[in-house]
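Hi,

Here is the structure I promised to pass on.

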Amino acid sequence: MKTRKRLGALLAQTAWVVAIGSGVPAAWAADPINIGMIAPTTGVMATVGQRQLATAQWWEGEVNGKGGIKGRPVRLIHCNDEANPEKAVSCVRDLLARGSVLLINSSVTGPIRATMPLIRNGPVMVTPSPNVMPEPSSYVFQTSPSDMDLTRALVEYLHRSKVDSIGVIAATDASGELGVNTVKTLLPASSIKFHLARIDLRATDASIQLAQVAKSDVRLIYSTYSGGGAATVVKSFNNLGLEQPLVVSYANLSDQFIALIRNDMPRRLLGLGLKGVVPELLADPAERERVAYFARAWQQAKGDSIDQLNLNALTLVDTIEAILRNGPDTADAAAVKAWLEKTPVRSFQTLRFSPQSHIGMNESHAAILEYKGGRWVPAPPVQ
Amino acid sequence: MNLFTQSIYSGLTSGAVYALLAMGLVIAFRTTRVVNLAHGESYAVAGLVIAMLDRAGLPLALALGSGVLIAMAYLWAMDRVLLRPRSSWPVASLILITLGMAFLTRGVLLVVAGVDPLSFPRLVAGPPLRWAGGILPRQALLLIVTSIVAAVAVAVFLGRTRFGRQLRATAEHPDAAQLMGVNVAATRAAAFLLAGGLGGLAAALLVPLVPVDFQTGLGMTLRGFIAAALAGMVPGAAVLCGFILGLFEAFVTSYGGALASDPVVFVVLIVAALWRSRSIRFEGRARA
């Protein structure tokens, strides 16, 4: 009898701990909808993963605070892959085993690619990495402009600035490899010369690479390197006292990155960004309002301003929410895929996938921005 | 910018750090016969402590002093608590303990300092120096000069002082040294304090140029160890090998590319290790 009582008490305590620990209020009668999220919250890409996870968690709280979706709470299950492909694969296995009906992958190129074969038959996975170009036959949807589109925006800016020679620094990882292929394809075709140097992700000094590319005819240097490690490039740039504008990659338009380099700010810091980072660049008033609402809500919840990483994550959770609210049953992955291919997703900029392309944005969504007076503004041409 | 000159400046800068770390590793090794795989953590601990104290508003001089002292205390405590009580254990087990300590330290630093790389202001301000087509930050010049001065000071200290002789005696035969009146415990403690001080000094000089994070330590140990191993664990030679390794790495990166850097450096390490083992096998004489 005593044993039964003890067992009952233990089960009750366990249920309570599970309910509290899950982040889903115990009062929900319906089962939660599990959304798996892979985000590197430690390691060299932590500046990217932490911000995106925080945004997704904010969304989880926002949705559940308004009664959930179709009467069911949303439960975000996070797995930290440390931007490591092997760990990312384990994460996906674990998240699927824990009943995730949709996946968010906020990691970087190598780990994202490593996870793609695991979802050959679904569920749908959304990712913001511009370096991932999913096959239309796959269940992967990419919510940013592609690396090619972002580089096209850079080329347009270079032409506008009458710059015909630049330096490029790229990492030696998969993201860097793709960046190199993109510039090799696009820049010569646009009559722009470039000097290229590669840098190891764990490098602590980039002065040799900068010396290799900062030739006398080079009027701008572009670092395709993402994550906190890119601070090494900025630091070395400052150590060498270089005068050219420095363009940082898409994933580095974040407050966290700016905090890392605040003592080493180049004379002109530019970035490959989304127009949503500077809402006045958005033509559609509804899109501007969506950014404004998100900025207010984020400020209220976290006490700081939004940056591009928040906006990247917003496109992910908006896609997930659109599927859950308006799409077919997530158990039918093929139906979800077909639905996403024909239904525009309203986020701060509208995402349009199709049966031919699983990339939701294009060149028109991107802009070259400059960090000035503590915020990102449209970049004036290079003098 | 002249790539050749810039490679020399970059190589000397990283070589200076490898030299300081290698020297610390060698000093600890010569008293315990243990390769301390947590040695680079003294660099990470000092760098992060200085950066955090600086952010908290402490005057930089005070933050620097505190960081170096904490790095010294860190290695001293590791020896006192983990290594010395187990000095009768096989060396391989003790090396594993130091590796465990390195990972433990990394975890603690992650919790205390967070994941972001941190830095603090330079000790010498002003525009970088431009010589022969290369650019050298003033802080890097300070690092190179300090490293050479520290190397000479340590070499003199070890070669010409009573402590140096005690250190060598302790390394050769701790029991015999004890019978001869050497305080082996105090000698070990001093060696680890000195090693921690060198790791802390390297951080104080390099972190303003290159940010440090919780994962930096093991990489620093590895580079310091390569220089120390190439030098056959001899303090003076370790300094020279530190600079040679830094220059070699810089030239491989400049002319072979970043992708070639690690493979080439490790091939050199393997070749050097084989060459040294041949020298040991034939007791330093040429093979007949």
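Let's start with a definition: a salt bridge here is a side-chain nitrogen of Lys or Arg within 4 Å of a carboxyl oxygen of Asp or Glu. By that rule, one salt bridge crosses the interface of chain A and chain B. Asp264(A) and Arg122(B) form a salt bridge, with 3.8 Å between the closest N and O atoms.

Some housekeeping. This is a predicted model, so local features need pLDDT of at least 70 and side-chain atom pairs count only at pLDDT 80 or more, while totals for chains, interfaces and linings use all residues. Residues are numbered from 1 along each chain as its sequence is written, chains are lettered from A and ligands numbered from 1 in the order in which they are written, and side-chain values use heavy atoms, with hydrogens and water left out.

On confidence: pLDDT (the predictor's confidence in each residue, from 0 to 100) averages 89 in chain A, and 92% of the residues score at least 70. The part to watch is residues 9-23 of chain A, where pLDDT stays under 50. For that stretch the model has three contacts (heavy atoms within 4.5 Å) beyond four places in sequence. Where pLDDT is low, the predicted coordinates should not be read in detail.

Back to the interface. It brings 32 residues of chain A into contact with 29 residues of chain B. The buried area (accessible area, 1.4 Å probe, that two parts lose on being put together, summed over both) is about 2,300 Å², and carbon and sulfur atoms give 58% of that. On the chain A side, Ile208(A), Lys235(A) and Asn239(A) lose the most area to chain B, together 25% of what that side buries.

Now the inside. A nonpolar core means a set of buried Ala, Val, Leu, Ile, Met, Phe, Trp, Tyr and Cys residues joined through side-chain atoms within 4.5 Å; buried is under 20% relative accessible area, exposed over 50%, and partly exposed in between (1.4 Å probe, protein chains only). The largest such core has 98 residues, and Ile35(A), Ile104(A) and Leu220(A) are among those with the most contacts inside it. Helix 11 (residues 308-326) of chain A gives the most to this core, with eight residues; helices are DSSP runs of H or I, at least four residues, and strands are runs of E, at least two, numbered from the N terminus. Domain 1 (2-145 + 290-362) and domain 2 (147-279 + 367-378) of chain A both give residues to this core, so it lies between them. Those bounds come from an automatic or database domain assignment. A second, separate core of 50 residues includes Ala16(B) and Leu64(B).

Also in chain B, Ser147(B) lies in helix 5 (residues 138-160) and is buried, at 1% relative accessible area. Leaving out residues up to four places away in sequence, Ser147(B) touches Ala16(B), Ala19(B), Leu20(B) and Phe243(B).

Finally, the charged pairs: there are 22 salt bridges over all chains. In helix 11 of chain A, Arg325(A) and Glu321(A) sit four residues apart, about one turn of the helix, and their closest N and O atoms are 2.8 Å apart. Arg325(A) is partly exposed at 36%, whereas Glu321(A) is buried at 19%. Arg51(A), Asp255(A), Asp304(A) and Asp307(A) are linked in a network of salt bridges.

Cheers
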